Amino acid sequence: MTECNRWSTHETELLAQVRSTLATEIAEAGQYAEVVGDRGIMRFIRGHGELDKIITMYRNYLKWRKESGADEIRERIRIENLNKPSLFPNGEGFLEMSEQIIVAADATDLEGNLITFETFDFSPR
């Protein structure tokens, strides 16, 4: 799964160490590429640099996903075809509080940022 040509030798070594140290937590997590895939873990490696900090932050992230039920919510959205923010769990409340709407979960700019738009009294409902 490691994409060595995209990452330095040091990053590849850190990735292997994170995977080895957190093998149980990774196996128990939701098996989504952006969560447990190499690129997802690489965000923590590049964001925190030092192995102990990477492991702590990634472990906390996996723990938060489990405790908050993030993967169950995601799975519910997928299974029930809740393909609009208004249909998400608590979606109506979110839309009322949100000044921006995410166009789509996979709609990103060239740098990978989500594409959003300001609502200005516009309602996608």
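Of the protein's 125 residues, 30% count as buried. Buried means under 20% relative accessible area, exposed means over 50%, and partly exposed lies in between (1.4 Å probe, protein chains only). This is a predicted model: local features need pLDDT of at least 70, side-chain atom pairs count only at pLDDT 80 or more, and totals for chains, interfaces and linings use all residues. Residues are numbered from 1 along each chain as its sequence is written, and side-chain values use heavy atoms, with hydrogens and water left out.

**Stop 1: the whole chain**

Colour by secondary structure. The protein has seven helices and two strands. Helices here are DSSP runs of H or I with at least four residues, strands are runs of E with at least two, and both are numbered from the N terminus. Read from that end, the order is α-α-α-α-α-α-α-β-β.

Next, contacts, meaning heavy atoms within 4.5 Å. Among contacts with a separation of 6 or more, 42% join residues 24 or more positions apart.

**Stop 2: A70**

Select A70. This residue is found in helix 6, which covers residues 70–79. A70 is buried, at 14% relative accessible area. Leave aside neighbours within four places in sequence, and A70 is in contact with W64 and R65. G30 sits 40 residues from A70 along the chain, and their C-alpha atoms are separated by 9.0 Å.

**Stop 3**

Move to R65, in helix 5. Is R65 buried or exposed? R65 counts as buried, because its relative accessibility is 11%. Beyond residues up to four places away in sequence, R65 touches Y32, V35, A70 and D71.

D71 is also a salt-bridge partner of R65, with the closest N and O atoms 2.4 Å apart. A salt bridge here is a side-chain nitrogen of Lys or Arg within 4 Å of a carboxyl oxygen of Asp or Glu. Both D71 and R65 are buried. The whole structure has eight salt bridges.

**Stop 3: R74 and E34**

Select R74 and E34. They form a salt bridge, and the closest N and O atoms are 2.0 Å apart. R74 lies in helix 6 and E34 in helix 3 (residues 33–36), so the pair ties together parts that are 40 residues apart in sequence. R74 is partly exposed at 32% relative accessibility. E34 is partly exposed too, with a relative accessible area of 37%.

**Stop 4: E75 and R78**

Stay on helix 6. Which residue forms a salt bridge with E75? The partner is R78, and their closest N and O atoms are 2.3 Å apart. Both residues lie in helix 6, three residues apart, about one turn of the helix. E75 is partly exposed, at 23% relative accessible area. R78 counts as exposed, at 56%.

**Stop 5: the largest pocket**

Show pockets. On a 1 Å grid over the protein atoms alone, a pocket is an open set of points with protein on both sides within 12 Å along at least five of seven lines; lining residues have an atom within 4 Å of a point. Grid points are joined across faces, edges and corners, and a volume is the space filled by probe spheres set on the points.

The largest pocket has a volume of about 1,100 Å³. Its lining has 26 residues; select R74, F88, A104, A105 and L114, which lie nearest the centre. Helix 6 gives the largest share of this lining, five residues. Helix 7 (91–97), like helix 6, supplies at least two. By class, the lining has 14 nonpolar, six polar and six charged residues. Ala, Val, Leu, Ile, Met, Phe, Trp, Tyr, Cys and Pro count as nonpolar, Asp, Glu, Lys and Arg as charged, and the others, Gly among them, as polar.

**Stop 6: the second largest pocket**

The second largest pocket holds about 230 Å³ of space. Select its lining, including G30, R65 and D71. Helix 2 (23–28), helix 5 (51–68) and helix 6 each give two or more residues. Helix 5 gives the most, with six. By class, this lining divides into two nonpolar, one polar and nine charged residues.

Terms used:
On a 1 Å grid over the protein atoms alone, a cavity is a set of points where a 1.4 Å probe fits but cannot get out, and a pocket is an open set with protein on both sides within 12 Å along at least five of seven lines; lining residues have an atom within 4 Å of a point.
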